[in-house]
Amino acid sequence: MQGATVWTACSGDSRAVLGYVRDGAIRARDLSVDCKPDSPEEYERIVGAGGVVSGASGASPARVWADGRVGLAMSRSIGDGECKRFGVIPDPEIKRFDLGAAPANEPEADGDRFIIVASDGVWEFIDSDDCVQRIAECLTDGNSNSSSSSSSNSRSSSSSSGGS
């Protein structure tokens, strides 16, 4: 980040997602593109290099097969030497975004709220919108819990010190 500008560079199975508020509703915006081997451009490069791509099936994602034995579920990877010969590249897709933070004391105001960066361990099970909704709920619950817990903590410390 530099000021209100953020860059994402994706080369693998992680994703960056912005949680923002528009018209009083929390929404998600993907800040990176998933490096999936069955996307048209990635598929062409991999097959052109002699790789084999199997399509997604049920809960199993599309995969790049190297010599029929390595099933990599992404089309770009920094550290996978085995699939490099078959069109898997380390080059990240780089994107730039200008953020517009919402005023902290106005929870319903339009603006950017948070960024989630997570790996396929999250994205295989929930989509960006669901993840943003869950985080927003936690932040809302956390804000209300933190004010009530700090007031209960001050009550308990004053009552315990008052009895000495």
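1. Across the whole structure, 9 salt bridges are found, a salt bridge being a side-chain nitrogen of Lys or Arg within 4 Å of a carboxyl oxygen of Asp or Glu. The model is predicted, so local features need pLDDT of at least 70 and side-chain atom pairs count only at pLDDT 80 or more, whereas totals for chains, interfaces and linings use all residues. Residues are numbered from 1 along each chain as its sequence is written, and side-chain values use heavy atoms, with hydrogens and water left out.

2. One of the salt bridges joins Asp-34 to Arg-15, with 2.6 Å between the closest N and O atoms. Asp-34 sits in the loop between β3 (25-30) and α1 (40-48) and Arg-15 in strand β2 (residues 15-22), so the pair ties together parts 19 residues apart in sequence. Helices (H or I, at least four residues) and strands (E, at least two) are DSSP runs, numbered from the N terminus. Asp-34 is partly exposed at 25% relative accessibility, while Arg-15 is buried at 10%. Here buried means under 20% relative accessible area, exposed over 50%, and partly exposed in between (1.4 Å probe, protein chains only).

3. Glu-42 and Arg-76 form another salt bridge, their closest N and O atoms lying 3.0 Å apart. This pair links distant parts of the chain, with Glu-42 in helix α1 and Arg-76 in the loop between β6 and β7, 34 residues apart. Glu-42 counts as buried because its relative accessibility is 4%; Arg-76 is likewise buried, at 8%. Both residues belong to a network of salt bridges that also includes Arg-45 and Glu-93.

4. A salt bridge between Arg-69 and Glu-82 has its closest N and O atoms 2.7 Å apart. Arg-69 is in the loop between β5 (63-66) and β6, and Glu-82 in the loop between β6 and β7, 13 residues away. Arg-69 is exposed, with a relative accessible area of 54%, and Glu-82 is partly exposed, with 29%.

5. Ser-77 is placed in the loop between β6 (70-72) and β7 (93-98). Ser-77 counts as buried because its relative accessibility is 13%. A polar atom of the Ser-77 side chain lies 3.3 Å from the backbone nitrogen of Asp-80. Beyond neighbours within four places in sequence, Ser-77 is in contact (heavy atoms within 4.5 Å) with Ser-11, Leu-72, Val-88, Ile-89 and Pro-90.

Methods:
Polar contact = N/O pair within 3.5 Å; in protein donor to acceptor, adjacent residues only side chain to side chain.
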